[in-house]
Amino acid sequence: MNLPPLFLCCENMERIKTYIHGMDEILEGGIPHGHIVLLAGEPGTFKSSVAFNIIYNNVLHENHIACYITLEQGRESLIQQMSRMGMNLEEVGNNLSIVDLALIRKNLEKLGQQSWMQIFKTYASNLKENIDYSILVIDSLPVLTMLAEFSNPRAELFHFFEWLREMKITCILISEMKAGHEDYSLMGEDFLSDGIIHLKMEKVGDVNIQRRVRVVKMRSTNHSSDYFTLLFGKTGFTATRVISE
């Protein structure tokens, strides 16, 4: 059967596996390479762990080079947390770089009177030149925009997304949501993103709380928009049909 060019393009598209059992099948193989994906959720929904799981396993199994920039949690704390979840950095060596805010601040004096966003871009660009990472996680976007002190948030955020696209990488932007709210962003980043993955807590019965995951959108992908129960165990993360009482 002769498929239209669009479907042929999507079929042959390189994808970044999420390494969440069941999720990659939902995403036709994973996140399309080059996409900017918003990973949004309230506190405690495993946002950092899910993002780290993606880059860790892509480095370990797919020979990618990745970078995780944390603007909230310290580097050592993050490493300890991920090690407890079975993600040992010794297995990926220097192909997964973790950079925290403290390391970036050390370079402030060297970079003169540049704005915070200029400093961030310079640091990320120099790191790209040095190690040529193909996947970047920024944890988190709200902290980055707060530090940047945008005077025109929507316009400056648009230019930031365009800069990310020029990097020709897959980028996961972690975004914090308020409990009980359905707004994935504050300044239109949900429209700028190529994909949105939503993590949330759901009360089941009188005492049980489940973590759930939903692909809200993913360009170039025919995916389910349903919620799935997100589990973590010895084999890692799994997305299953919603478990109810």
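Reader: How do strand 10 and strand 11 pair, in the parallel or the antiparallel sense?

Author: Keep in mind that this is a predicted model. Strand 11 covers residues 227-233, and three bridges link it to strand 10. Across this pairing, R214 stands opposite Y227 in strand 11. The sense of the pairing is antiparallel.

Reader: How many bridges join strand 9 to strand 10?

Author: Strand 9 spans residues 195-204 and strand 10 spans residues 208-218, and the two run antiparallel. The number of bridges joining strand 9 to strand 10 is ten.

Reader: Which residue in the turn of that hairpin has a positive phi?

Author: Strand 9 and strand 10 form the hairpin, with three residues between them. In this turn, a positive phi of about 75 degrees belongs to G205.

Reader: Is strand 8 largely enclosed or largely open, and why?

Author: Strand 8 is made of residues 170-176, seven in number. A residue counts as buried when its relative accessible area is under 20%. Six of the seven residues in strand 8 are buried, so the rest of the structure leaves this strand largely enclosed.

Reader: What is the bridge partner of A40 in strand 8?

Author: Let's start with the strands. Strand 4, residues 36-41, runs parallel to strand 8, and six bridges join them. Within strand 8, the bridge partner of A40 is S175.

Reader: And which residue of strand 8 is the bridge partner of L136?

Author: Here we turn to strand 7, residues 135-139, which pairs with strand 8 in the parallel sense over five bridges. The partner of L136 in strand 8 is C171.

Reader: Why is helix 3 called roughly perpendicular to helix 4?

Author: Helix 3 (residues 47-62) and helix 4 (residues 75-84) pack with their axes 11 Å apart, at an angle of about 75 degrees. Angles of 65 to 115 degrees count as roughly perpendicular. That is why the arrangement of helix 3 against helix 4 is described as roughly perpendicular.

Reader: What is the relative accessible area of H61?

Author: H61 lies in helix 3. Its C-alpha atom is 10.0 Å from that of Y19, 42 residues apart along the chain. H61 is partly exposed, and its relative accessible area is 46%.

Definitions and conventions. Residues numbered from 1 in each chain as written. Predicted model: local features only at pLDDT ≥ 70, side-chain atom pairs only at ≥ 80, totals over all residues. Heavy atoms only, no water. Axes fitted to C-alpha atoms, helices over the stretch in contact; angles between N-to-C directions. Helix = DSSP H or I, 4+ residues; strand = E, 2+ residues; numbered from the N terminus. Parallel < 35°, antiparallel > 145°, perpendicular 65-115°, else oblique. Buried < 20%, exposed > 50% of the residue type's maximum accessible area, 1.4 Å probe, protein only. Pairing = 2+ DSSP bridges.
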